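Here's a quick briefing to read alongside the structure.

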Amino acid sequence: MIAHFFAQLPALPVILPLLAAPLCVLLRHATLAWLTYCTVSLAVFGISLLLLVQVHVGIPISYAMGGWAPPVGIELRVDTLNAFVLVLVSGIAAVLGPYTRASVAAELPAERAYLFYALMLLTLCGLLGITITGDAFNLFVFLEISSLSSYALIALGTKRRALLAAFQYLVMGTIGGTFLLIGIGLLYIMTGTLNMADLAARLPAVADTRTVEAGLAFIVVGASLKLALFPLHAWLPDGYAYAPSAVSAFLAATATKVAAYVLIRFIFTVFGAVYAFGQLPLGEILALLAVAAMLYGSLAAIFASDVKRLLAWSSVAQIGYIVLGIALATPEGLTAAILHMLNHGVIKGALFCAAGALFWRLHRSDLASLAGAARAMPWTSAAFLAAGLGLIGVPATAGFISKWYLLSALFEAQQGWLAAVVLISSLMAVIYIGRVAELLYLRPAPDNVPAPTEAPTAMLAATWTLVLVNIGLGLHSAPVVDVVRSAAAGLTGGGA
Amino acid sequence: MSTFLGLYNYWIVVLLMMIGFYIVIGHDNLMKKLIGLNLFQTSVFIMYISAGAIDGATAPILGNVDAPYAHPLPHVLILTAIVVGVATTALGLALVVRIHEAYDSLDESEIIAACDTGDEPAAEHRDKA
């Protein structure tokens, strides 16, 4: 019985949220829908942890969906890398459970709140599906599930500008998804298979054709659009700035990380690093774009006038760090990139949670409205500051660990000037986080508005959980680094 | 020359894709953007369907198993992609309706100008719905 349950484990992260979403719609009740969301996200988090433990000690799990053996049937394939991403995505979803209730009650009409949870579950289902599937076309389908529901989630924002932001994201996201579809189609035309492992085995025979090169280019551009890699980032600042707070926190912490996973999966597993970085100057292009993203994103964050927009621009910069690690194509670079996917997910989730708590009380998110808020909301402000220090990369925070690994990978690859750019971008993070901290702590509160009080305990608990995870990762990173190293080694073939 | 003409369906794919892409980028009207997006997606449908075609083949239907038949899998794949396209269009249209209610305009630059100047009416559009 137990063994039978464990054999079905890989299917559950996809199936549970997919079934729970229509359940939320049928329940038509905000509290019940919220309970469903919390239960499912916690269950999926537990399952993801079990899967990670299973693959970390053993071999990758292959699950034939519906009993059809791969490569004909759709295969769910769990290795250390995607089990790690599964834990990140489902963990953020579970932590945000308590947070969403107060945040949604403040920002959405009560009679339609249950639909919010259905959309969150669908996004979760899509993101987990992208991560766990071993089939290229299936990946596209899950990508569209998560994208469509996240467009709708962004459109729920309180300002009317959210509608335009969602529309712009829809246009760019659909182009990105279609580019992926073209790339997958070109690979299918050349190899006659859609299974990733099968593709990897059959591609070398036809690797020197223009079709496969075009396929690689389409897939990289499509994934980069979803990743919001500079200069394809235009949808991200508006999308995150105008979405409801809980949605900003969820998408900022997970969606771009899953897109980074897609990029890693296609480059390293399907095409192979030797082909992707040898045939085309992919490493140079990605490194250049990453540098541009780090500098431009940080600069835009410094000049932002809204705290959520500031955090969104900082996401554009942080994606640069992840892509820079990927561009190195060394085990060390990949370790840094995957570590930063987790660390940035946790840190940016905490920052958006804190920003959402401030918005919950102040009903505004422009920087001027934050003046002196630390006196009335000490816990929220302290959480923002602690997570902000993580973003900068201060020692004893998660951000320090991944930046340390990135810098040592860069020095090992003898790319000193790239390391300099990483440091400059980190210094720019000091400026924009410092601006917010200065407003929160050092400015007097305006007299004409009544002093705000502290955010609800549930929101604080979620925010502080993420902050503590951030500090925990910074103080005791060895187990996580161990997992990430083995994931990176699996991708680069044991260290080549 | 024969290769050039023999691949005519792929030339149509490229042409449609570029027309669609240009409409998405070049037009300010949100409806036209959606139409361009649809063209863009449709070109990919044709690409997949062309890939399944075989010269002189019949439809893959039980009964005429002896004759060569077209590869059915790309067609099935693209059915899924068509469903995705329909969902995207439906959501896009719903957003366009809401944007029109909130701004009385479908012109992207006008809407952005309205955002930059006027104060944001917080959640006003929501009460109408």
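This is a predicted model. In it, 25 residues of chain A are in contact with 31 residues of chain B.

**Where chain A touches chain B**
- Two or more residues each come from α6 (136-155) and α7 (161-191) of chain A.
- α7(A) gives the most to this side, with 14 residues.
- Sorted by class, the side of chain A that touches chain B has 17 nonpolar, four polar and four charged residues.

**Helix α8 of chain A**
- Helix α8 (residues 196-206) has these buried residues: A:Met196, A:Asp198, A:Leu199 and A:Leu203.
- Looking down the axis of α8(A), you'd find its buried residues within an arc of 130°, so they line one face of the helix.
- As a general point, an α-helix has 3.6 residues a turn, so residues three or four places apart point the same way.
- The buried residues of α8(A) pack against α6, α7, α9 (210-227) and α11 (245-271) of chain A.

**Helices α4 and α15 of chain A**
- The axes of α4 (residues 80-107) and α15 (residues 331-362) of chain A come within 11 Å and cross at roughly 0°.
- Angles under 35 degrees count as roughly parallel, so α4(A) is roughly parallel to α15(A).
- On the α4(A) side, the contact includes A:Leu81, A:Phe84, A:Leu88 and A:Ile92.
- α15(A) brings residues including A:Gly345, A:Gly349, A:Cys353 and A:Gly356.
- By class, this contact of α4(A) with α15(A) has 12 nonpolar, four polar and no charged residues.

Definitions and conventions. Residues numbered from 1 in each chain as written. Chains lettered and ligands numbered in written order. Predicted model: local features only at pLDDT ≥ 70, side-chain atom pairs only at ≥ 80, totals over all residues. Contact = placed C-beta atoms within 7 Å. Helix = DSSP H or I, 4+ residues; strand = E, 2+ residues; numbered from the N terminus. Nonpolar A, V, L, I, M, F, W, Y, C, P; charged D, E, K, R; others polar. Buried ≥ 20, exposed ≤ 12 C-beta atoms within 10 Å, placed from the backbone. Arc of directions from axis to C-beta. Axes fitted to C-alpha atoms, helices over the stretch in contact; angles between N-to-C directions. Parallel < 35°, antiparallel > 145°, perpendicular 65-115°, else oblique.
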